[in-house]
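User: Can you walk me through this one? I'd like the overall picture, then the contacts.

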Amino acid sequence: MVNFEVAFFAVCTLLVLLGGVATVAAKNPIRGAMGLLTSILGIAGMYLLLAAELLAAIQVVVYAGAVVILFLFVIMLLGPAASESTDARSALSRYFGAIVFGILALGALWIVMRMGGEVLTSLPPPSGGMGTIEVVGREMFTRNVVPFQISGILLLIAVVGAMAIAKGHKPPPEKSPEASK
Amino acid sequence: MNLTAVPLEYFLTVAGVLFSIGTVGFLLRRNLLVLLMSIEVMLNAVNLTLVAFNRMYPANHQGQVFAFFVIVVAAAEAAIGLAIVLAFFRVRRTVRSDDADLLRN
């Protein structure tokens, strides 16, 4: 009988990696958004394995429930222009650069994973309510309260900026000379 | 259940491969929406690394708090990025990054 955690980790890994590949490789951007959603849900499952319950809930609510929905809104707003066919301009240099980076990154990853030798690092058991909302909240509001407030201001700036950028502006109406009597 | 069956390197490998997938997608694709989505993929990979290391060194919760702030910034950046995509579409009627070439010679 396979250990439940290892099976759950395998399922989450499949979701994460296949979702990631679907995100970057899908021609249809709606399929890409669904791949992103799958990847996000897989990451949330991994957070549960890593004793980060609050972060898993925040991940689902914020990422899956707001960011992906925002992407879908914009994709559907753009309509058929959202998935345009591409021509071969600069294709060779892009593919070359991307493949070189992929090889180098996976090679670096392999080297780093071999550094610890053959013994894998096992995680210590979670203790003292690790990752629960009480403990993380206490740390957030004592040690990290200033970044918390600054992130609130950042979100306000982002909302105002997004509204300003997306609103656009109409050109001022032409005033005829005899209208200003 | 004690949550100790999966070693740390597995999480780090998944995060590294996911980051590579996101970066290769960011370099390869020219659809602006796919670029933004691959940025989100990369940020998710970084968050996974942060939380995995926090689990390894559980003296405090700074890894999880940092990941929380990464999620906040990623959400704000996605909103602004999509607003820029919409503004760009309004002018150029396209979402290909190759068509953002006004400053090219």
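User: How much of chain A is buried?

Analyst: Buried residues account for 33% of the 181 residues in chain A. Buried means under 20% relative accessible area, exposed means over 50%, and partly exposed is in between (1.4 Å probe, protein chains only). This is a predicted model, in which local features need pLDDT of at least 70, side-chain atom pairs count only at pLDDT 80 or more, and totals for chains, interfaces and linings use all residues. Residues are numbered from 1 along each chain as its sequence is written, chains are lettered from A and ligands numbered from 1 in the order in which they are written, and side-chain values use heavy atoms, with hydrogens and water left out.

User: How many helices and strands are there in chain A?

Analyst: Chain A has 6 helices and 0 strands. From the N terminus on, its elements run α-α-α-α-α-α. Helices (H or I, at least four residues) and strands (E, at least two) are DSSP runs, numbered from the N terminus.

User: And what share of its contacts joins residues at least 24 apart?

Analyst: 57%, among contacts in chain A between residues at least 6 apart in sequence. Contact means heavy atoms within 4.5 Å.

User: Okay, helices. At what angle do helix 1 and helix 2 of chain A cross?

Analyst: Roughly 155°, and the axes of helix 1 and helix 2 (residues 29-49) of chain A come within 7 Å. Axes are lines fitted to C-alpha atoms, for helices over the stretch in contact, and angles run from 0 to 180 degrees between N-to-C directions. The two helices of chain A are therefore roughly antiparallel to each other. For the cut-offs, angles under 35 degrees count as roughly parallel, over 145 as roughly antiparallel, 65 to 115 as roughly perpendicular and the rest as oblique.

User: Left-handed or right-handed, that crossing of helix 1 and helix 2 of chain A?

Analyst: The crossing of helix 1 and helix 2 of chain A is left-handed. That term applies if the near helix is turned anticlockwise from the far one by less than a right angle, and right-handed applies if clockwise.

User: Which residues make the contact?

Analyst: From helix 1 of chain A they include A:Glu5, A:Phe9, A:Thr13, A:Val16 and A:Gly20. From helix 2 of chain A they include A:Gly35, A:Ser39, A:Gly42 and A:Met46. By class, this contact of helix 1 with helix 2 of chain A has 10 nonpolar, 10 polar and 1 charged residues. Ala, Val, Leu, Ile, Met, Phe, Trp, Tyr, Cys and Pro count as nonpolar, Asp, Glu, Lys and Arg as charged, and the others, Gly among them, as polar.

User: Now chain B. How does helix 1 of chain A pack with helix 1 of chain B?

Analyst: Helix 1 (residues 4-25) of chain A and helix 1 (residues 8-28) of chain B pack at an angle of about 10°, with their axes 8 Å apart. They are therefore roughly parallel to each other. Among the residues that meet are A:Phe9, A:Thr13 and A:Leu17 in helix 1 of chain A and B:Tyr10, B:Val14 and B:Ile21 in helix 1 of chain B. The residues of this contact divide into 11 nonpolar, 4 polar and no charged.

User: What does A:Thr13 touch?

Analyst: Leaving aside neighbours within four places in sequence, A:Thr13 is in contact with A:Met46 and B:Val14. A:Thr13 counts as buried, at 15% relative accessibility.

User: And A:Ala98, buried or exposed?

Analyst: A:Ala98 is buried, with a relative accessible area of 1%. A:Ala98 lies in helix 4 (residues 91-115) of chain A and touches B:Val24, B:Leu27 and B:Leu28, not counting residues up to four places away in sequence.

User: What else does B:Asp98 pair with?

Analyst: B:Arg96 also forms a salt bridge with B:Asp98, the closest N and O atoms being 3.8 Å apart. Salt bridges that share partners join B:Arg30, B:Arg96, B:Asp98 and B:Asp99 into one network.

Conventions. A salt bridge is a side-chain nitrogen of Lys or Arg within 4 Å of a carboxyl oxygen of Asp or Glu.
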